[in-house]
Amino acid sequence: MTIPNGDRHRENAKNSLIVTKITQFIAKMNIAPLPRNYELIFEILAGHNPAMGREVLALGNAPQQHELDIVGQRHGLAGFSRIAASKATNDAAETLEQIAARLDAGLHRTEVFLSSMQTVEPEHVSRLVRDVHDEQTSLKNFLAHGLQKIRATEKNSTHIQAVSLRDTLTTLPNRAAFLEKLTAMYEEGDAPSAASMLLVNIDHFREINAKYGPAAGNKALRRLAALFRKTIKKDDFVARIGGNEFAFIFMGVAQNTAQSIAERLRRSVEDLRFATRDGDGDHLTISVGVAALDGAATPAEFYSHAELALLAARSSARNCVVGYSRDVAQRSRNSYLLQLGG
């Protein structure tokens with residue numbers, strides 16, 4: 001699919017506006033212009049994580065970088081999770097350096113002892129042997145402790161990375177994992193020739209939570225996650241990227257095929273019932289936006305196409321599937337949000 005030049009120019013202008021807003025926000029809040037901070041502010045200004053936005057604003061003007069790092073790590077942003085993993089690696093490296101220093105000291109003591117054997121008085125030999133033995137014992141214990149610390153650090157680092165990319169409620173990959181997957185598809189110009197993205201939004205989920213309570217809403221999310229997990233094949237991907245929003249990436253699948261998959265998925269969800277506190281159960285419906293990789297030059301553009309298709313689905317009757325097209329692209333994201341009252 002080829003995007004007309006006019007639409008591409010409008011899209012580039014919109015992306016440029018987003019970058020400008022992020023830069024202005026960072027300057028206004030006196031935040032360091034680091035790549036991970038740009039990721040943080042983008043997530044806030046895009047409305048993907050209101051809770052995170054409230055936490056950052058609560059820090060006040062000119063927040064400390066370590067405070068921002070804590071917020072970013074708590075919400076599983078990829079850039080901040082890498083900082084935590086990097087710290088764990090640095091701790092392990094520091095332990096190795098300490099072990100190496102102790103080994104050097106031990107070797108030096110041994111060399112001194114051997115050289116002194118020719119001149120030392122016999123009565124002092126036993127004392128020197130005890131000193132060397134004590135040093136070697138201390139070094140052995142230090143080495144064992146250091147290795148234990150390194151193993152614990154490696155385990156913690158692996159755990160941090162796994163947790164930072166996993167949604168705790170549904171156990172699906174989270175938004176950070178989705179963004180990493182999306183970025184990896186475009187690295188080194190190695191994007192696949194065909195792929196499609198589905199963005200799924202649960203219709204009227206706020207009203208469902210208000211009517212039945214958060215516990216029932218959480219059960220519904222877990223039920224949908226289990227269904228979505230069964231939908232994908234080995235090379236495909238599904239993640240929970242927001243409170244009531246999921247994303248699929250189907251590799252080697254054209255947009256028309258992806259729309260057929262989305263329609264089957266929509267009907268499957270419509271047939272589900274989820275438990276409520278009254279035990280009667282209720283139905284869910286979903287709106288789905290579909291876009292193809294073809295014609296999307298960047299990960300942001302690919303996502304933007306799918307997001308516009310999803311907004312078009314939500315702006316119409318909902319409980320429907322809409323594919324990205326020239327008609328969909330003619331309207332801006334803000335115009336769709338205004339129609340939705342967002």
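Colleague: Why is A291 called buried?

Modeller: In this predicted model, A291 has a relative accessible area of 0%, and because buried means under 20%, that value puts A291 in the buried class. The residue sits in strand β4.

Colleague: What is A291 in contact with, leaving aside its neighbours within four places in sequence?

Modeller: Its contacts include A195, S196, M197 and Q255, and F302, H305, A306 and Y324 are also among them. The C-alpha atoms of A291 and L198 are separated by 6.8 Å, although these residues lie 93 residues apart along the chain.

Colleague: How do you know that the span of helix α10 agrees with its number of residues?

Modeller: Helix α10 has 17 residues, 255-271, which at 1.5 Å a residue should span 24 Å, and its end C-alpha atoms are 24 Å apart, so the two agree.

Colleague: What makes you say that the buried residues of α10 line one face?

Modeller: The buried residues are Q255, A258, I261, A262, L265, R266 and V269; seen down the axis of α10 they fall within an arc of 145°, and therefore they line one face of the helix. On the other side, N256 and D271 are exposed, while the cover over the buried residues includes β1, α9, β3, β4 and β5.

Colleague: Why is α3 called roughly antiparallel to α4?

Modeller: The axes of α3 (residues 50-58) and α4 (residues 65-74) come within 10 Å and cross at roughly 170°; because angles over 145 degrees count as roughly antiparallel, α3 is described in that way relative to α4. The contact is made by M52, E55 and V56 of α3 with L68, V71 and R74 of α4.

Definitions and conventions:
Residues are numbered from 1 along each chain as its sequence is written. This is a predicted model: local features need pLDDT of at least 70, side-chain atom pairs count only at pLDDT 80 or more; totals for chains, interfaces and linings use all residues. Side-chain values use heavy atoms; hydrogens and water are left out. Helices (H or I, at least four residues) and strands (E, at least two) are DSSP runs, numbered from the N terminus. The expected span of a helix is 1.5 Å times one less than its number of residues. Buried means under 20% relative accessible area, exposed over 50%, partly exposed in between (1.4 Å probe, protein chains only). The arc is that of the directions from the helix axis to the C-beta atoms. Contact means heavy atoms within 4.5 Å. Axes are lines fitted to C-alpha atoms, for helices over the stretch in contact, and angles run from 0 to 180 degrees between N-to-C directions. Angles under 35 degrees count as roughly parallel, over 145 as roughly antiparallel, 65 to 115 as roughly perpendicular and the rest as oblique.
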